[in-house]
Amino acid sequence: MKILVCVKHVPEVTDAEVEIARDGRSIDTDDLAFDMGEWDACAVETAVRLKEEHGGEVTVLTAGDEEAEASLRKGLAMGADAAVRIAVEAPPADPALPARLIAAFARGRGFDLLLTGVMASDLGYGATGPALGGHLDLPHATMIVDLAVREGAAEAVRELEEGLKERIAFSLPAVLAVQTGLAEPRYVSVMGIRKARRIPVEVLEPEDLGTEVSERVRLVGLSPPPPGKDVEILEGTPGEIGARVVDLVREVRP
Amino acid sequence: MTRVLVLAEHRRRELREVTLEMIRAAEAFPGAESTVVVPGAAAAPLAEALAPFAARVLLLDHPLLDAYSPPEYAAALRQVVEREDPEVVLLPHSYRGMDLAGRLAAVLHRPFVTDAVGIRPGDGGLEIDRQVYGGRVHCRLVLPPGEPVVLSVRPTTFPAAEPRGSPGAVEAFRPEGLPEAPAVRFLEYVEEAAGEVDITQAEVIVAAGRGIGEEENLALVRELADALGGVLACSRPIVDRGWLPRSRQVGTSGRAVRPKVYVAVGISGAFQHVAGMAGAGRVIAINRDPNAPIFKVADYGVVGDLFRVVPAIVEAARSRGS
Ligand SMILES: Cc1cc2nc3c(=O)[nH]c(=O)nc-3n(C[C@H](O)[C@H](O)[C@H](O)COP(=O)(O)OP(=O)(O)OC[C@H]3O[C@@H](n4cnc5c(N)ncnc54)[C@H](O)[C@@H]3O)c2cc1C
Ligand SMILES: Nc1ncnc2c1ncn2[C@@H]1O[C@H](COP(=O)(O)O)[C@@H](O)[C@H]1O
């Protein structure tokens with residue numbers, strides 16, 4: 001089975017200082033750690049497990065700058081066999097662009113399964129998998145939390161709101177957007193990293209794929225989020241804060 | 001005047017509330033003329049039910065569309081778009097909408113933006129507000145002026161539409177050339193097994209997030225829940241790692257809860273989590289990151305290391321008795 005996994009190299013922003021850059025249109029990335037997206041790591045794990053079960057080959061792909069190759073290396077270390085980077089500058093603001101570039105690469109290459117994450121944690125469009133399905137005219141499904149692949153077909157469980165799920169069936173090739181929880185990503189081993197080093201990353205220009213980088217959605221600017229509720233931050237010694245929290249709870253639920 | 005096509009959403013023969021929100025969102029466009037599209041032959045009663053809320057309702061009268069399959073949904077909607085030529089196709093950023101928006105835009109060759117939390121039509125193009133980087137940054141985008149677009153809007157951004165003076169017209173349209181069988185076949189719904197506790201009934205909830213770091217630290221949050229007479233719940237990563245069952249998860253893909261007090265411990269406040277606790281009375285958040293989005297929805301906050309703060313609260317609760 002030939003599997004393509006799309007990964008995006010994203011900054012880890014939880015628990016980090018996210019500052020808007022001077023240009024007002026990007027964030028300062030100097031002090032941020034980047035990694036393969038959380039959802040994408042589940043997708044890579046899923047692909048590698050399918051390969052281990054059914055045989056075949058896993059390609060990890062990103063549309064990004066040179067730095068993004070670190071996420072491809074991680075994918076290789078997790079067990080992917082080949083890595084491709086479609087060379088684009090900074091991550092595009094237009095949600096349509098990655099899918100268009102990835103489709104230009106994937107077309108005619110005989111992938112049985114194309115995996116993406118449900119959403120990239122930076123811009124959070126949650127649109128690339130479905131758009132890819134549209135471009136390639138393949139069935140797609142998102143929020144996949146369970147997957148069983150048979151000869152040329154698959155059954156999956158997709159999550160819906162409020163704890164409800166649905167079981168679906170479709171033929172391959174297909175595009176799937178993977179939800180966290182489908183497969184807990186493995187830790188990369190030293191051996192994996194060593195093996196990954198020997199595999200070259202194939203770099204393609206959009207022009208090589210007969211397409212180009214053009215964006216129809218334009219970023220106007222970034223700003224701090226609007227104020228929310230008027231939160232009261234509790235101050236004092238741990239003992240004082242502890243007592244205050246207990247009061248706050250018992251006030252409403254004695 | 002702006003022609004807006006609003007996609008209705010239904011499940012198990014019931015209309016989903018987001019549909020009314022999208023009808024309302026359409027009013028953000030100057031001189032909006034909305035048509036609400038209701039997919040599926042079996043949805044005829046729902047189309048009728050929507051008539052009071054919209055000027056015009058279009059039933060996609062085809063049995064293949066009774067169950068959702070993205071390729072056929074997109075193909076049918078493409079025919080509607082060709083016929084109606086709307087400037088805006090509007091859908092909710094619900095699970096269904098998320099599944100469809102990118103594909104629909106791709107087959108229509110229209111520019112799109114998903115998960116809008118603000119809409120400002122203008123001469124320079126449609127300006128959209130979004131939350132990016134986990135809600136830590138606000139982003140303004142503009143869609144090309146004069147071009148028809150596809151747009152999805154975050155649920156709960158707009159209130160539900162109210163019934164209008166006179167009910168709108170209901171028309172039917174039968175898409176052509178759809179295949180015999182859907183590409184993505186619905187087999188069955190899978191219900192979540194009921195958990196040992198029902199967190200939706202709890203008056204006090206103490207919820208653990210990824211900030212606890214390790215599974216063994218769950219004990220600390222459980223202790224807090226016990227000390228406060230509450231029920232232990234959690235965010236999604238805790239369930240994904242198998243530390244707690246799905247029935248304890250709060251959020252869009254978990255449960256919606258409405259306790260009198262919600263204590264969030266080491267939870268960043270992603271909108272998918274916050275959506276599940278919006279009904280909580282009093283929200284107390286404990287997080288070491290002062291910029292965590294959870295503090296935007298909390299009434300009280302403790303900025304600090306949960307490993308210091310939580311034991312202090314447990315201690316205080318115990319020393320005062322219950
Ligand atoms: C379609 C979809 C559906 C989803 N449904 C849900 C859902 O139903 N429920 C849900 O919860 N999520 C859901 N998610 C996931 C959601 O987007 C977030 O990824 C998730 O809520 C993050 O969980 P968290 O806040 O626990 O973890 P993180 O975002 O990693 O936050 C951890 C927090 O802990 C803080 N912290 C770390 N260490 C400490 C310490 N020592 N002391 C104090 N604070 C500390 C950090 O500052 C950080 O703010 C969904 C996502 C998608 C795409
Ligand atoms: N630039 C990119 N390169 C490769 N894959 C991407 C890129 N952008 C998005 N994706 C994939 O699409 C998924 C959803 O991203 P998004 O639609 O941007 O939220 C991600 O989890 C990735 O799998």
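Begin by selecting ligand 1 together with its shell of 33 residues, among which S235(B), Q249(B), V250(B), S253(B) and S268(B) come nearest; a residue belongs to this shell if one of its heavy atoms lies within 4 Å of the molecule. What you are viewing is a predicted model, in which local features need pLDDT of at least 70 and side-chain atom pairs count only at pLDDT 80 or more, while totals for chains, interfaces and linings use all residues. Residues are numbered from 1 along each chain as its sequence is written, chains are lettered from A and ligands numbered from 1 in the order in which they are written, and side-chain values use heavy atoms, with hydrogens and water left out.

Colour next by pLDDT, the predictor's confidence in each residue from 0 to 100: chain B averages 95, and 100% of its residues score at least 70. The model as a whole scores ipTM 0.95 and pTM 0.96.

Ligand 1 lies between chains A and B, and on chain B the helices α6 (236–240), α7 (271–274) and α8 (306–319) each supply at least two residues of its shell; helices here are DSSP runs of H or I with at least four residues, strands are runs of E with at least two, and both are numbered from the N terminus.

Taken alone the ligand exposes 980 Å², of which the protein buries 95%, the areas coming from the Shrake-Rupley method with a 1.4 Å probe.

Finally, select E159(A), which is found in strand β8 (residues 153–159) of chain A. At 2% relative accessibility, E159(A) counts as buried, a class that means under 20% relative accessible area (1.4 Å probe, protein chains only). Leaving aside neighbours within four places in sequence, its contacts (heavy atoms within 4.5 Å) include M143(A) and L164(A) in chain A, and R236(B) and S253(B) in chain B. The side chain of E159(A) makes a polar contact with the side chain of Q179(A) at 3.1 Å, and another with the side chain of Y95(B), also at 3.1 Å; such a contact is a pair of N or O atoms within 3.5 Å, where, within protein, one must be able to donate a hydrogen and the other to accept it, and residues adjacent in sequence count only if both atoms are side-chain atoms.

Technical notes: Buried < 20%, exposed > 50% of the residue type's maximum accessible area, 1.4 Å probe, protein only.
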